[in-house]
Number of protein chains: 4
Amino acid sequence: MTMTVAQADSLIVDGVELPSRLIMGTGGLSSFDTLRDALVASGTSLTTVALRRYAPGEASLFGLLTELGIKVLPNTAGCFTAREAVLTAELGREALETDWVKLEVIADETTLLPDTAELFEATEQLVQRGFKVFAYTNDDPVAALRLQDLGAVAVMPLGAPIGTGLGILNPHNIELIVSRATVPVVLDAGIGTASEATLAMELGCDAVLLATAVTRAHDPERMARAFRLAVEAGYLARRGGRIPRRALARASSPMAGRADL
Amino acid sequence: MTMTVAQADSLIVDGVELPSRLIMGTGGLSSFDTLRDALVASGTSLTTVALRRYAPGEASLFGLLTELGIKVLPNTAGCFTAREAVLTAELGREALETDWVKLEVIADETTLLPDTAELFEATEQLVQRGFKVFAYTNDDPVAALRLQDLGAVAVMPLGAPIGTGLGILNPHNIELIVSRATVPVVLDAGIGTASEATLAMELGCDAVLLATAVTRAHDPERMARAFRLAVEAGYLARRGGRIPRRALARASSPMAGRADL
Amino acid sequence: MTMTVAQADSLIVDGVELPSRLIMGTGGLSSFDTLRDALVASGTSLTTVALRRYAPGEASLFGLLTELGIKVLPNTAGCFTAREAVLTAELGREALETDWVKLEVIADETTLLPDTAELFEATEQLVQRGFKVFAYTNDDPVAALRLQDLGAVAVMPLGAPIGTGLGILNPHNIELIVSRATVPVVLDAGIGTASEATLAMELGCDAVLLATAVTRAHDPERMARAFRLAVEAGYLARRGGRIPRRALARASSPMAGRADL
Amino acid sequence: MTMTVAQADSLIVDGVELPSRLIMGTGGLSSFDTLRDALVASGTSLTTVALRRYAPGEASLFGLLTELGIKVLPNTAGCFTAREAVLTAELGREALETDWVKLEVIADETTLLPDTAELFEATEQLVQRGFKVFAYTNDDPVAALRLQDLGAVAVMPLGAPIGTGLGILNPHNIELIVSRATVPVVLDAGIGTASEATLAMELGCDAVLLATAVTRAHDPERMARAFRLAVEAGYLARRGGRIPRRALARASSPMAGRADL
């Protein structure tokens with residue numbers, strides 16, 4: 001298998017080159033060894049870490065990420081207001097020495113859906129404070145553009161609510177977002193299996209972020225490898241220029257020239 | 001990228017081991033060099049060749065396949081009756097020295113849909129004559145089982161009519177076929193882009209066969225590579241054990257333990 | 001509500017005019033009164049009765065149908081071979097004095113899917129014996145045309161396997177059948193709820209047949225009424241000429257002339 | 001056909017009883033007579049009128065609505081900001097003597113998608129000024145709840161962008177909104193044909209609003225009648241309690257008792 005990650009163009013966010021277009025979450029795996037295996041198999045270059053769940057004992061996690069050359073993207077998971085998110089981001093910047101932050105502000109614990117009003121406010125404040133905001137949002141094209149206009153370096157629409165594994169519920173919205181965004185678009189949340197990650201890339205997303213689909217899979221390492229290939233397949237297919245859909249059949253070669261019997 | 005084809009179990013059909021689970025058609029490409037590049041990029045181990053379109057000038061095609069170590073699967077494309085298909089298969093066996101045949105018997109030129117009544121008859125005759133039949137069929141689970149019972153070494157249900165690029169129109173039927181077949185199931189026809197090949201494998205198919213989706217793509221080589229990865233991603237995802245679909249959200253780590261602000 | 005059934009053109013099958021385009025099955029309801037209420041609410045003109053389940057005690061069923069002016073369509077449910085089906089049809093003709101028969105020949109008890117090979121044979125024999133065959137089949141356009149060519153007076157493709165309530169799994173096939181059939185096409189089996197019956201008619205079907213969706217509903221009478229309206233809505237919508245699907249929005253009135261503020 | 005609108009419970013909004021659950025827009029029809037016929041055929045009790053397109057010549061429209069006993073719901077179509085929408089609503093209240101207003105604040109002319117930030121602000125102001133706000137919004141469950149909390153008397157999520165006829169792109173979101181809202185939920189925008197209106201009601205919506213699907217149909221009167229029946233069918237089906245979806249088939253009556261042959 002001669003295909004390598006380097007053959008696909010790297011993802012550039014905030015001027016930084018990321019060889020892999022698969023971004024991984026780290027939550028949900030009980031075993032440190034399983035996490036390491038899954039991260040390696042995924043080929044990821046960037047991994048989110050929940051700041052509000054960051055504990056001294058997790059120092060080893062950062063050691064692992066450093067060892068594997070994986071960049072850290074702290075997130076504000078568990079925040080319900082702009083105020084909480086900004087505070088969390090500030091604590092994270094101090095602890096982890098990065099101004100990158102994945103901004104999550106959710107509306108409630110039942111749906112874990114983003115609260116766009118709070119998102120807009122938090123994005124505005126974080127940008128003013130010098131953060132590079134990766135904004136996790138719903139699939140509303142208007143909200144995605146607003147976040148970009150407010151200075152987000154990447155917009156991250158959901159495919160479906162977090163942890164549902166329902167895939168991309170509204171591909172039309174994702175296409176609208178991709179067609180209008182100038183910053184990278186990362187499909188974030190809802191992915192359950194490899195074909196959905198491939199589809200996300202075919203729709204034109206620049207990367208895919210997932211956690212549960214790997215960490216809660218029966219075999220996280222194998223699933224991580226599946227997603228690595230799936231994302232690359234979708235990236236290539238988008239650029240390979242798929243055939244148009246047709247209502248009627250078409251033979252792969254003309255019938256006319258066929259041999260008589 | 002350390003992932004290699006060898007890491008995935010090979011496909012075994014008729015006792016023969018095929019390292020790749022992507023089967024390629026060769027029709028539709030005007031340039032011989034483009035075909036070579038696409039075949040190499042696809043990583044395929046098995047390629048269909050239309051017997052009724054086989055011409056002396058195509059000797060170079062067989063040279064190429066031999067050079068690349070790709071096995072030939074002659075097909076009976078363009079046949080409308082069992083009689084035509086059996087004659088075509090016999091001519092192919094003589095010319096190509098293989099008893100493998102992809103059996104295609106279509107009902108009409110508008111839909112190119114398989115004619116199952118003729119298929120059954122042709123399968124019966126070909127098996128009696130010592131052929132190893134790879135039966136291209138519709139997605140009817142009853143027809144697929146019948147073909148297996150008649151001695152087909154692989155059943156090849158369509159996802160959608162040939163050349164339409166409509167993907168897998170009825171995943172439920174494909175799942176039924178997979179759950180009941182004991183011979184390999186190959187998703188054949190209708191595939192337009194990578195995510196659909198991944199889905200086919202996630203549904204439990206053993207391999208994917210496609211032609212137009214590569215040969216008529218804007219960039220056949222890149223698309224061939226996309227499909228190679230897509231098929232492998234789907235194979236791994238099926239075995240990785242995807243998370244169940246849930247109606248409601250679920251956080252990747254518990255909310256309970258989060259830090260106070 | 002001034003809309004009446006008479007406003008929609010009647011369905012003509014075998015030269016007989018049926019005012020309603022909803023055909024009902026009678027199996028599955030324990031209470032006779034509930035069945036009566038459901039039949040009345042459905043507005044049906046034609047009802048299937050399983051010959052192999054017909055028992056002397058069911059005399060009252062035929063009394064009810066006569067009283068309500070509902071025509072009887074005997075079916076061969078429970079038959080696995082052409083031979084069984086033909087025998088069953090003959091017994092039915094004698095008992096019920098009608099040469100109409102809904103031909104069902106299923107392949108196995110797990111999927112209840114039609115066995116097309118047996119169907120073709122049974123249709124041929126029944127037509128020769130003077131029956132008017134309403135052929136229950138899968139959604140394969142080739143099989144549907146074959147049944148028509150063999151003399152069926154109506155072809156009845158499934159939406160999904162019997163009793164699953166999965167709706168119309170492959171609308172593309174149903175559209176292909178409709179576009180090529182010259183006899184009435186009846187969507188039969190798989191329907192679970194009203195919108196699916198509406199969709200069947202929008203796809204161009206001439207009628208919808210269902211049983212379980214009413215008889216096993218929480219409130220069979222209400223559901224029967226829902227399906228009555230649903231079928232008529234779909235029939236009208238097909239003829240009303242729906243707007244084309246568009247990728248981008250379009251205001252219902254021009255923006256240009258709007259008032260200044 | 002004995003089914004009448006009165007058999008279905010009326011829709012109650014803001015304490016007002018509306019016999020029909022189909023709300024019609026009036027834009028897009030060139031002929032006054034065609035509009036009259038479509039309104040009658042729809043059976044609607046409530047019709048939106050674009051305030052910013054209201055012109056003296058349209059006096060006849062209001063005459064018609066009065067004559068038909070159809071209530072007027074002025075809308076703020078064509079407004080891009082909360083300020084514009086509030087001004088428009090005030091002008092409408094004065095002209096039409098109703099405090100009902102369908103609030104539309106769109107983000108741009110390409111997508112016509114709602115701008116939720118402006119919507120929230122406009123809703124707050126309009127409620128303070130004594131308006132009864134019917135809020136047209138995207139399908140974000142968080143935005144829908146926010147609008148309800150701000151005092152909207154009805155929330156009106158879109159199925160798809162205005163005028164696209166793409167149907168309900170994300171049924172999961174509509175179900176989430178229905179499960180959490182306490183005010184009526186009206187599916188607004190995107191509907192192209194009858195089955196989609198039926199589906200909206202089956203998902204639990206309290207009503208459906210559409211314009212283009214009727215006014216731009218080939219035969220607006222027939223399509224209006226189709227939607228009338230479709231909405232009622234969906235309402236009944238929701239309450240009739242559909243059968244569960246099953247992966248495997250289930251006969252409508254037991255096979256066990258069938259007659260021997």
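Figure 1. Where pLDDT is low, the predicted coordinates should not be read in detail.

**Figure 2. The rotation that relates chain B to chain C.** Two copies of a chain are related by a rotation about an axis and a shift along it. Here, chain B is superposed on chain C by a rotation of 180 degrees, with 0.0 Å of shift along the axis and an RMSD of 0.0 Å. This is the relation of a two-fold axis. Among the residues of chain B, B:N170 comes closest to the rotation axis, with its C-alpha at 2.9 Å.

**Figure 3. The interface of chain B and chain C.** On each side of this interface, 22 residues take part: 22 of chain B are in contact with 22 of chain C. Because 100% of the interface residues of chain B are also interface residues in chain C, the copies meet through the same surface. The size of an interface is often given as the accessible area lost when the parts come together. Between them, chain B and chain C bury about 1700 Å², of which 56% is on carbon and sulfur atoms.

**Figure 4. Polar and charged pairs between chain B and chain C.** Side chains of opposite charge can pair when their charged atoms come close. Between chain B and chain C, the count is 4 salt bridges. In one salt bridge, the side chain of B:R180 meets that of C:D108, at 2.9 Å from N to O. On the side of chain B that touches chain C, the elements giving two or more residues are α4 (116-128), α5 (141-149) and α6 (171-180) of chain B. The residues of that side comprise 11 nonpolar, 5 polar and 6 charged.

**Figure 5. A salt bridge between chain A and chain B.** Over all chains, a search of the whole structure finds 44 salt bridges. A:R242 forms a salt bridge with B:E196, and the closest N and O atoms of the pair are 3.8 Å apart. A:R242 lies in the segment after α9 (220-240) of chain A, whereas B:E196 lies in helix α7 (residues 194-202) of chain B, so the pair joins two chains.

Definitions and conventions: Residues are numbered from 1 along each chain as its sequence is written. Chains are lettered from A and ligands numbered from 1 in the order in which they are written. This is a predicted model: local features need pLDDT of at least 70, side-chain atom pairs count only at pLDDT 80 or more; totals for chains, interfaces and linings use all residues. Side-chain values use heavy atoms; hydrogens and water are left out. Copies are superposed by least squares on the C-alpha atoms of residues with pLDDT of at least 70 in both. Contact means heavy atoms within 4.5 Å. Buried area is the accessible area (1.4 Å probe) that two parts lose on being put together, summed over both. A polar contact is a pair of N or O atoms within 3.5 Å; within protein, one must be able to donate a hydrogen and the other to accept it, and residues adjacent in sequence count only if both atoms are side-chain atoms. Helices (H or I, at least four residues) and strands (E, at least two) are DSSP runs, numbered from the N terminus. Ala, Val, Leu, Ile, Met, Phe, Trp, Tyr, Cys and Pro count as nonpolar, Asp, Glu, Lys and Arg as charged, and the others, Gly among them, as polar.
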